[in-house]
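Have a look at the structure first.

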Amino acid sequence: MNKSVIQNTVDFVKEKLLGAEAGHDWFHIERVWKLSKNIAAHENCILEVVELAALLHDIADPKFHGGDETLALTISNDFLENQKVSPEIIGQVLFIIKNVSFKNRNEAPQILPLELKIVQDADRLDAIGAIGIARTFNFGGFKNNLMYDPELPPQLEMSKEEYKKNQGTTINHFYEKLLLLQGLMHTEAAKKIASERHDFMLKFLDEFYKEWNVEI
Ligand code: ADP
Ligand code: NI
C-alpha cells in the first residue's frame, strides 16, 4: 500500500479538524484509526479502504455543518482524487463515510461490506467506556444540555430527525445510544472490547445515581 497517501490523509484530517469539539476532533479520529487497524488485523479485509475511511469518516460531520450530509463526501472525494487513489477504492471509502453513522443505521443497506463493519465497530467502541463517557459529557456541555433530570425519561423510539433534534439530557444519551452499541458490534474482536467498556458504563451509572441521590 502507498504509505504516503495515508500520511497525507493524516495531515489533511489533522488540519481540517483544528478547533473541533473535543469528542469529534483529531484525537477521536486517531483512536478510531488505531482501533480499526487492531480489528482489521483479525480480518481478511482491504486495509487501505479501512484506514482511509477511518481517517476521513468525521471530516465534515453534518451536526457541525448545518445538517449538510454531502459535504464530507465531496471533501473526501476531492482529496482522494487529488491523491490519485483509484476510483474503485474511492467508491468503497465514500460508501463507508456515508453509512457509518449511528443515526443512519436504519437507512443503511442490510448487507454491509466487511471494511464498513470494521470502521463502524471502531467508531462505536470510541463512543463507549471511559472515553465514551467523557465524549458524551463534553458534547452535552458543548450543547448546553442538562447532565441529568430525573423527570425526563429517555426517548427509546426516536426517528433520525427526532434523534438529531433531541435536546435531552446527557444521562439519557446512555440509554438512547451508548448502552445499545455493545449489541450492534459486528466483529469478534470488537465484541470483546465492547463487553468490558459496557460493564464500565454500567458501573459509572450506578455510582452516578448513588451520588446524585446522596446515598452515602
Ligand atoms: P454518529 O456520529 O455515529 O451518528 P452521534 O451523532 O450519535 O453518532 O454522536 C457521536 C458522539 O457524540 C456520541 O457517541 C456522543 O459521545 C456524542 N453525542 C451525540 N449526541 C449526543 C447527545 N444528545 N448527548 C450527549 N452526547 C451526544
Ligand atoms: Ni466518529
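## Starting at F204

F204 is partly exposed, as its relative accessible area is 24%; buried here means under 20%, exposed over 50%, and partly exposed anything in between, with a 1.4 Å probe and protein chains only. This is a predicted model, so local features need pLDDT of at least 70 and side-chain atom pairs count only at pLDDT 80 or more, while totals for chains, interfaces and linings use all residues. Residues are numbered from 1 along each chain as its sequence is written, chains are lettered from A and ligands numbered from 1 in the order in which they are written, and side-chain values use heavy atoms, leaving out hydrogens and water.

## Aromatic pairs

How many aromatic pairs does the structure hold? There are 14 aromatic pairs, counting rings of Phe, Tyr and Trp (its six-membered ring) with centres within 6.5 Å; planes under 30 degrees apart are stacked, over 60 edge-to-face, and the rest tilted. One of them joins F137 and F204: the ring centres are 6.0 Å apart and the planes sit at 70°, so this is an edge-to-face pair. F137 belongs to helix α7 and F204 to helix α10 (residues 188–212), so the pair links distant parts of the chain, 67 residues apart.

Y148 and W212 make another edge-to-face pair, with 4.7 Å from centre to centre and 80° between the planes. Here Y148 comes from the loop between α7 and α8 while W212 is in helix α10, so parts 64 residues apart in sequence get tied together. Y148 is buried at 18% relative accessible area, whereas W212 is partly exposed at 36%. Both belong to one aromatic cluster, made up of F137, Y148, F174, F204, F208, Y209 and W212.

## N145 in the loop

The loop between α7 (129–142) and α8 (160–165) also holds N145. Is N145 buried or exposed? It's buried, with a relative accessible area of 19%. Setting aside neighbours within four places in sequence, N145 is in contact (heavy atoms within 4.5 Å) with G140, Q167, G168 and T170.

## A54 in helix α3

Over in helix α3 (residues 47–56) you'll find A54, which counts as buried at 0% relative accessibility. With neighbours within four places in sequence left out, A54 has contacts to I29, V32, W33, S36 and V119. For a distance check, A54 and K37 are 17 residues apart in sequence and 9.2 Å apart in space, C-alpha to C-alpha.

## The whole chain

Zooming out, the protein chain has 10 helices and zero strands; helices (H or I, at least four residues) and strands (E, at least two) are DSSP runs, numbered from the N terminus. Its radius of gyration is 18 Å, close to the 17 Å from the globule rule for 216 residues, so the chain is as compact as a globular protein of that length. That radius is taken over C-alpha atoms, and the rule is 2.2 Å times the number of residues to the power 0.38. The C-alpha trace spans about 60 × 35 × 30 Å along its principal axes.

Of the 216 residues, 46% count as buried. Looking at contacts between residues at least 6 apart in sequence, 69% join residues at least 24 apart.
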